[in-house]
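Subject: Structure handover

Hello,

I am passing the structure on to you, with notes on what was found in it below. Please read them with the model open.

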Amino acid sequence: MTSHAAFPFAHVPPHAGDPILSLMEAFQADPRPHKASLGIGIYMDDGGRLPCLESVRQAETRLAQDIQPRPYLPMEGLAAYRGAVQRLLFGADSEALQAGRIATVQTVGGTGALKLGADFLHRHFPAAGIWVSDPTWDNHHAIFGGAGVPVRTYPYYDASTGAVRFDAMLAALESLPPQSIVLLHASCHNPTGVDLSPAQWEQLIPVLQRRELLPFVDIAYQGFGAGLQDDAFAVRALAAAGLTFLVANSFSKNFSLYGERVGGLSVVCADRATADTVLGQLKSEVRGNYGTPPVHGARVVTQVLEDPELFALWTAETDAMRRRIRAMREQLHAVLHDTFGSRRSFAYLLTQRGMFSYTGLDPAQVDRLREDHGVYLIRSGRLCLTGLTTRNVAHVARCIAAVVER
Ligand code: LMR
């Protein structure tokens, strides 16, 4: 006879669902033919398909011609990959890189990088809290809160103007205790699509420095805002200013390698000796979390980043993805503008950048879009442009108009 008395799990509450991933599951289960997935941040092509990039296909083909064993990687990941990540983020001529003062580990996607960084910071700065933008990616709250780091917000998005509340943001950061952590989006802010301008970064950096705050930069959409190099502006400006900071990067979107979970965590330190010590501690966090990272995705990304021909091809592919997102912004805007005229402005679609736009639709309108029309947005009103295609954009615009006008 079995007994379940010791661990009945009776007190375990049901999972409330994840605002993004549960929505994706609901979309997949929806049988309606005209459904549109504008929820999760996944880049789809104009045929509504998840692309396999040509640069990735060629890298995989090369790897397949000389199939290698799959050893355990070192805890910090593949050495060539870690170097390639550093060059992509910081630039090959970066002083911090050349001085050896950046500790980089391969991580299980960008999410894994954030979690690893959160665990590392909580262990070594147990009193430090993190301030995230209001609003931010929902999972930032879960990751840092789950690691025991208290999460609070700083003002960011102004719903009335569609711009950044930059003065309020600066004032809030000015009032934080030293050794507070500040989560910053390098580009393509998730969920609003509203970024700081280079001039605003230049104003922000001295505040971070003077107040002894620790920036933690999330860069998950490099290439989708203004280009691979321009989207790294904030990372490079922070490094050039001599700050100590963390960067979590992801290749899920710009390589279309979601399921391979390829990311990195870099910690920019004051000097090489500190970076070496930090690297040791990051390895210890990796060991205690999942042992060592997976090998295949990192090999693919390294092939592309290290080979000039494949790198040029990948750059062209990220450029094309960015142009398609831009075209969808323009087409959605054009139909909504024709429908509403001066009654309502959708100009934000043209100024926001990256995969996401904050539409201003309220949760009830988002629910009606999903229930009545099969058009899926996050309940915050975040719309992912890459679920739009030249075939469905006018239809989606009419659905949005229908719920807004009701
Ligand atoms: C998103 O914001 O939709 C993406 O980053 C996917 C995810 O894991 O939430």
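Strand 9 (residues 245-250) and strand 10 (residues 262-268) are antiparallel partners, joined over 6 bridges. Two strands count as paired if DSSP finds at least two bridges between them. Helices (H or I, at least four residues) and strands (E, at least two) are DSSP runs, numbered from the N terminus. Within this pair, V247 has S266 of strand 10 as its bridge partner.

This is a predicted model: local features need pLDDT of at least 70, side-chain atom pairs count only at pLDDT 80 or more, and totals for chains, interfaces and linings use all residues. Residues are numbered from 1 along each chain as its sequence is written, and side-chain values use heavy atoms, with hydrogens and water left out.

The ligand

Which residues are around the ligand? They are I20, I40, G41, W137, N190, Y221, K253, F356 and R382, where a residue is listed if one of its heavy atoms lies within 4 Å of the ligand. By class, this shell has 5 nonpolar, 2 polar and 2 charged residues. Ala, Val, Leu, Ile, Met, Phe, Trp, Tyr, Cys and Pro count as nonpolar, Asp, Glu, Lys and Arg as charged, and the others, Gly among them, as polar.

Polar contacts are pairs of N or O atoms within 3.5 Å. A polar backbone atom of G41 is 2.7 Å from an oxygen atom of the ligand. Polar side-chain atoms of W137 and N190 each lie 3.0 Å from a ligand oxygen atom. The ligand taken alone exposes 270 Å², of which the protein buries 83%; accessible areas come from the Shrake-Rupley method with a 1.4 Å probe.

Backbone points

Most residues other than glycine have a negative phi, and most peptide bonds are trans. The N190 named above is joined to P191 by a cis peptide bond, with omega near 20°. P191 is in the loop between strand 7 and helix 8 (198-210). Another cis peptide bond joins D134 and P135, with omega about 5°, and P135 is in the loop between strand 3 (130-134) and helix 6 (138-146). E212 is not a glycine but has a positive phi of about 55°; E212 is in the loop between helix 8 and strand 8 (214-219).

Regards

Definitions and conventions
Polar contact = N/O pair within 3.5 Å; in protein donor to acceptor, adjacent residues only side chain to side chain.
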